[in-house]
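Me: I am new to this structure and would like to go through it step by step. Could we begin with how its helices pack?

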Amino acid sequence: MLFLPLLFAAWLAQASSTPDNQPTEPFRIADNVYYVGSSDIASYLIVTRDGHILIDGGYESTVPLIGANVARLGFAMRDIKILLNTQAHYDHAGGFSKLKALTGGQLMISEADAPIIEAGGKGDFVLTEAKYRFPSVHVDRRLRDGDHVRLGDVVLTARMTPGHTKGCTTWTFDAADRGRSYKVVVLGGLTILEGTKVTGMPAYPTIQSDYERTFEVLKRMPVDIFLGAHAGYYGGQEKARRLRNNPDGPNPFVDPEGFRSFVNSAEKRFRDQLGGGG
Ligand SMILES: [Zn+2]
């Protein structure tokens, strides 16, 4: 019976072999904020005196990479008390079932994304194919715009920034780095996926007004440290290299201009699709 483990190993290798999901070194962003995700699929560990918070659970196959990175930084998965999400998609929520079992943490999800996560991706307005499903998981707390999540000395605010998913969530909180306090923003995502009609579609009639409001919220949002659901949003790997090469220099993750230009480019793509009648 040699073939079963071999098949399993082949499946595991294949499952984690997409370019966005390669093992990568964890890195520090601020005193108590760390990147523990894969090459592009972000996961953030926020360390508090009463345990830790994890934002985003990756693909199901990202979980061992997150676990390895958390251990590499000297922290324990069982100290993660709260699991948060930016978007109810298989590449950011696929790992929550495993992560909940590993950590015992409470899963807190926006009201609009919670049913999608509890159904393992079923019901998404654009990712309707079976290949986008992921292990379903129970949501312990449902969040509305402006709700706070508290642990130890850290308070996070959930801002609803729908459009990419109906409950797409952008997280804001304060973090210190070398004696200074910074406004951290973890952007939920603004990508208009293929098959999306931003003027409205039967499965998401309010998508245009949701996006309009999201851009207004983001343009008014105070931001120093720019993070997001993918490292590629903010050039995370490149900034981590700069910090590694010059640890006493200015913190490269402080990048309000990068945030503004990312939001402006996304808004332009949205307006282009509106203007093109798409
Ligand atoms: Zn997505």
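Me: How do the axes of α6 and α8 cross?
Reply: The axes of helix α6 (residues 207-220) and helix α8 (residues 256-275) cross at roughly 160° and come within 10 Å. Axes here are lines fitted to C-alpha atoms, for helices over the stretch in contact, with angles from 0 to 180 degrees between N-to-C directions. Helices (H or I, at least four residues) and strands (E, at least two) are DSSP runs numbered from the N terminus. The model is a predicted one, in which local features need pLDDT of at least 70 and side-chain atom pairs count only at pLDDT 80 or more, while totals for chains, interfaces and linings use all residues. Residues are numbered from 1 along each chain as its sequence is written, and side-chain values use heavy atoms, with hydrogens and water left out.

Me: Are α6 and α8 roughly parallel or antiparallel?
Reply: The two helices are therefore roughly antiparallel to each other; under 35 degrees counts as roughly parallel, over 145 as roughly antiparallel, 65 to 115 as roughly perpendicular and the rest as oblique.

Me: Which residues of α6 and α8 meet?
Reply: From α6, Q208, Y211, E212, F215, L218 and K219 take part, and they meet F259, R260, V263, N264, A266, E267, F270, R271 and L274 of α8. Contact means heavy atoms within 4.5 Å.

Me: Now the aromatic pairs. How many does the structure hold?
Reply: There are 15 aromatic pairs in the structure. Rings of Phe, Tyr and Trp (its six-membered ring) pair if their centres lie within 6.5 Å; planes under 30 degrees apart count as stacked, over 60 as edge-to-face and the rest as tilted. Y59 and Y90 form an edge-to-face pair, at 5.6 Å centre to centre and with 75° between the planes.

Me: Where do Y59 and Y90 lie?
Reply: Y59 lies in the loop between β4 (51-55) and α2 (63-72) and Y90 in helix α3 (residues 90-93), so the pair ties together parts that are 31 residues apart in sequence. Y59 is buried, with a relative accessible area of 13%, and Y90 is partly exposed at 24%. Buried means under 20% relative accessible area, exposed over 50% and partly exposed in between (1.4 Å probe, protein chains only).

Me: Which residues form the aromatic cluster?
Reply: One aromatic cluster is formed by F27, Y35, Y44, F226, Y233, Y234, F253, F259 and F262.

Me: On to the backbone. What is phi of D56?
Reply: Phi of D56 is near 80°, a positive value in a residue other than glycine. D56 is found in the loop between β4 and α2 and counts as buried, at 1% relative accessibility.

Me: What do the buried residues of α2 pack against?
Reply: They pack against β3 (44-48), β4 and α4 (96-103). The buried residues of α2 are V63, L65, I66, G67, N69 and V70. After α2 comes G74, with a positive phi near 90°.

Me: Last topic, R244. Where does R244 lie, and which residues does R244 touch?
Reply: R244 lies in helix α7 (residues 236-245) and counts as partly exposed, at 47% relative accessibility. Not counting residues up to four places away in sequence, R244 touches E25 and F27.

Me: How far apart are R244 and G276?
Reply: R244 and G276 are 32 residues apart in sequence and 44 Å apart in space, C-alpha to C-alpha.
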